[in-house]
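Please open the model in a viewer and keep the selection tool at hand.

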Amino acid sequence: MIDPLGSFYRIRDQYIRYLETAFRIRNVDVSNERRVLLESVGQVATEPMFEPIAKYQSVSWDVAHIDSHSDSPLQKFDESTRTAIANVLRAGLFNDNSICPYTHQIEMLQHGLSSGLPGVVTSGTGSGKTESFLLPVIVQIAAEAKQNWAPPSNDYLKRKWWMNPDTGRPFEKYTSIPTKQRPLKANATATPFVLQRTGESDSRAAAVRCLILYPMNALVEDQLTRLRAALDSDAVAQVFNDEFGGNRVFFGRYTGETPVTGFREHPRVAAKDDSERRGTQLEKLFDYFLEVDKTQDAISRLLKASDGVETDSDTTGGNLSPSDRYMFPRSNGSEMLDRWNIQETPPDILITNISMLGGML
């Protein structure tokens, strides 16, 4: 930050101006006296405190050369695998190719690619700790994908069960789905639900390859934003199509916020006796996915409006940036959003908290 003191005073002044606007005093002298009180320490803000942070050491090469530099840990892979891995990293985790990774990030990558060398990162704010542990994880999974995973079917990730195949639009409501596809007493085993990863090759085992564990859900949510940028952007999806035959590296959040609870098919209750419960949970999941798609559609319109592109909406974009998209999930990409999919076809990267992990075990 070039002007930390100036930033502090400008932010404090914005809050004070808000108070003065909302609670305006006509008498100038009284208004000025209140201003002096609000600017005093301990009213609107305390004294500013700053922590000097030393500049972390970087390697001599940038991300653009992570697959070609002789000192890169990726040299252990063949050229085709190195290129595929580097393209994933450059499109997502490090979307600025001019960045020179920190030395400790590359050391963590070296540890992560070596057998029996666990790594621990203890460094300050802004030191790239998230990249430090995600870098070896993404590299290892991408290498496995390039070397071992056969391509999925052509309709992979295109089966949104809440969509009407006749119109290409979502059903207006859950009960609009044809009765023969819903679990009712007369047709208890029916279901419109289709697993997200249907069409995946048998050569790829659906399994947790990395467990990210946090003590609080707030940290889980922050991590999701980073993973969406690293693994679920349009640029990364294009790399998956080009380098991995359309396969995706999946991640998913499994906390109390993840819909929906209960079995998809109860192992101890007959289908006819469980049809009402299944229908209720399917309807909740249907409403959830509709909301996910509506939110992403709205964000797309706002981003287009921010760029000055005409849309069919009267909504204006405001100050949105492309990264704001990653604050919200999108369906049928690399993120797995519901418990039923996660339980039956676990994601490569599972994010959860200590309490939920205990419940799972």
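Select I354 first: this residue is exposed, at 54% relative accessible area (buried means under 20%, exposed over 50%, partly exposed in between, with a 1.4 Å probe and protein chains only). The model is predicted, so local features need pLDDT of at least 70 and side-chain atom pairs pLDDT 80 or more, while totals for chains, interfaces and linings use all residues. Residues are numbered from 1 along each chain as its sequence is written, and side-chain values use heavy atoms, without hydrogens and water.

I354 lies in helix 10 (residues 354-360); helices are DSSP runs of H or I with at least four residues, numbered from the N terminus.

Next, select R90, which belongs to helix 3 (residues 79-91). R90 is buried, with 17% relative accessible area. Beyond its neighbours within four places in sequence, R90 is in contact with V63, A64, H65, I66, D67, N95 and N97 (contact means heavy atoms within 4.5 Å). A polar atom of the R90 side chain lies 3.5 Å from the backbone oxygen of V63.

Now turn to the aromatic rings. The whole structure holds eleven aromatic pairs (rings of Phe, Tyr and Trp, the last by its six-membered ring, with centres within 6.5 Å; planes under 30 degrees apart are stacked, over 60 edge-to-face, the rest tilted). Select F8 and Y9: their ring centres are 5.1 Å apart and their planes at 70°, so this pair is edge-to-face. Y288 and F289 also form an edge-to-face pair, with 5.6 Å between centres and 70° between planes. Y288 is partly exposed at 23%, whereas F289 is buried at 5%.

Finally, select W161, W162, Y174, F193, F286, Y288, F289 and W340, which make up one aromatic cluster.

Notes:
Helices (H or I, at least four residues) and strands (E, at least two) are DSSP runs, numbered from the N terminus. A polar contact is a pair of N or O atoms within 3.5 Å; within protein, one must be able to donate a hydrogen and the other to accept it, and residues adjacent in sequence count only if both atoms are side-chain atoms.
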